[in-house]
Amino acid sequence: MSHVDQLWAGWRHDYVVKAADESRERRAGLDVPECILCELETKGQDHFVVARNLNCFVVMNLYPYASGHLMVVPNEHHQNLEDFNVDVRNSIMDMTNTASKVLREIYKPDGINIGINMGEAAGAGIPGHLHVHVLPRWNADTNFLTAVANTRVMPETLESSFGKIYELWPQEEKNEQQ
Ligand SMILES: [Zn+2]
């Protein structure tokens, strides 16, 4: 196993452990106030936050299904699309559009997945805080379920993906914070 493989497996491991802990706490009736997406809202490039506008931000997925896997996240913490007002919904779609354009330019994929999982039953990893997944896909990809079930070997590091995406993101939305 190369150093990079270990790094990726490590990211995934941390996430799985955290999710399992939170799930246990929830079953025990304890409050789990912290939300990783709410925490990320104010973070810098060191947390892989690429860009932000008035209503939402874009961050690299730390446990990606493919290189360049982005998440568009509204600042407000709500579970369902209908919980957000029209301005926020428009901002989410606008950022999703920019994410799609940037990924297409960098990775020249055969296709792009844009998806929202609302609720745990729908597969949401962070069910309380809505987010849009945007990720490039290729004809030779494994199918989505296989990709979710296994730890994948990524052809590039998160830092490398971040650098390419940040460079191409429109200047006025770039996250200047280090
Ligand atoms: Zn949140």
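Me: Leaving aside neighbours within four places in sequence, which residues is Val-72 in contact with?

Reply: This is a predicted model. In it, Val-72 is in contact with Cys-56, Phe-57, Val-58, Ile-92, Met-95, Thr-96, His-131, Val-132 and Val-134, once neighbours within four places in sequence are set aside.

Me: Which residues of the largest nonpolar core touch the most other members?

Reply: In soluble globular proteins, nonpolar side chains tend to be buried together. Here the largest nonpolar core has 24 residues, and those touching the most other members are Val-50, Met-60, Leu-70, Val-72, Ile-165 and Trp-169. At least two residues each are supplied by strands S1 (49-52), S2 (56-60), S3 (70-74) and S5 (132-137), and by helices H3 (86-107) and H5 (158-168). Helix H3 gives the largest share, seven residues. Another core, of 10 residues, lies apart from this one and includes Leu-37, Phe-57, Val-59 and Ile-126.

Me: What does Val-73 touch, not counting residues up to four places away in sequence?

Reply: Val-73 touches Leu-37, Cys-56, Phe-57, Val-59, His-129, Leu-130 and His-131 on that count. Its place is in strand S3. Val-73 has 0% relative accessibility and, because the cut-off for buried is under 20%, counts as buried.

Me: How many salt bridges does the structure hold?

Reply: The structure holds one salt bridge. The side chains of Glu-156 and Lys-164 meet in it, with 2.6 Å from N to O. For the setting of such a pair, take each partner in turn. Glu-156 counts as buried at 12% relative accessibility, and Lys-164 is partly exposed at 35% relative accessible area.

Me: How many aromatic pairs are there, and how is a pair read?

Reply: A pair of aromatic rings is described by the distance of the centres and the angle of the planes. The structure holds three aromatic pairs. In one of them, the ring centres of Phe-48 and Phe-162 are 5.9 Å apart and the planes stand at 70 degrees, so the pair is edge-to-face. Phe-48 lies in the loop between H2 and S1 and Phe-162 in helix H5, so the pair ties together parts that are 114 residues apart in sequence. Both Phe-48 and Phe-162 are buried.

Me: Which residues do ring pairs link into a cluster?

Reply: Phe-48, Phe-162 and Tyr-166 are linked into a cluster by ring pairs. Phe-162 and Tyr-166 form a stacked pair, at 5.5 Å centre to centre and 15 degrees between the planes. Because they are four residues apart in helix H5, about one helical turn separates Phe-162 and Tyr-166. Tyr-166 is buried, with a relative accessible area of 15%.

Note on methods. Residues are numbered from 1 along each chain as its sequence is written. This is a predicted model: local features need pLDDT of at least 70, side-chain atom pairs count only at pLDDT 80 or more; totals for chains, interfaces and linings use all residues. Side-chain values use heavy atoms; hydrogens and water are left out. A nonpolar core is a set of buried Ala, Val, Leu, Ile, Met, Phe, Trp, Tyr and Cys residues joined through side-chain atoms within 4.5 Å. Buried means under 20% relative accessible area, exposed over 50%, partly exposed in between (1.4 Å probe, protein chains only). Contact means heavy atoms within 4.5 Å. A salt bridge is a side-chain nitrogen of Lys or Arg within 4 Å of a carboxyl oxygen of Asp or Glu. Rings of Phe, Tyr and Trp (its six-membered ring) pair if their centres lie within 6.5 Å; planes under 30 degrees apart count as stacked, over 60 as edge-to-face and the rest as tilted.
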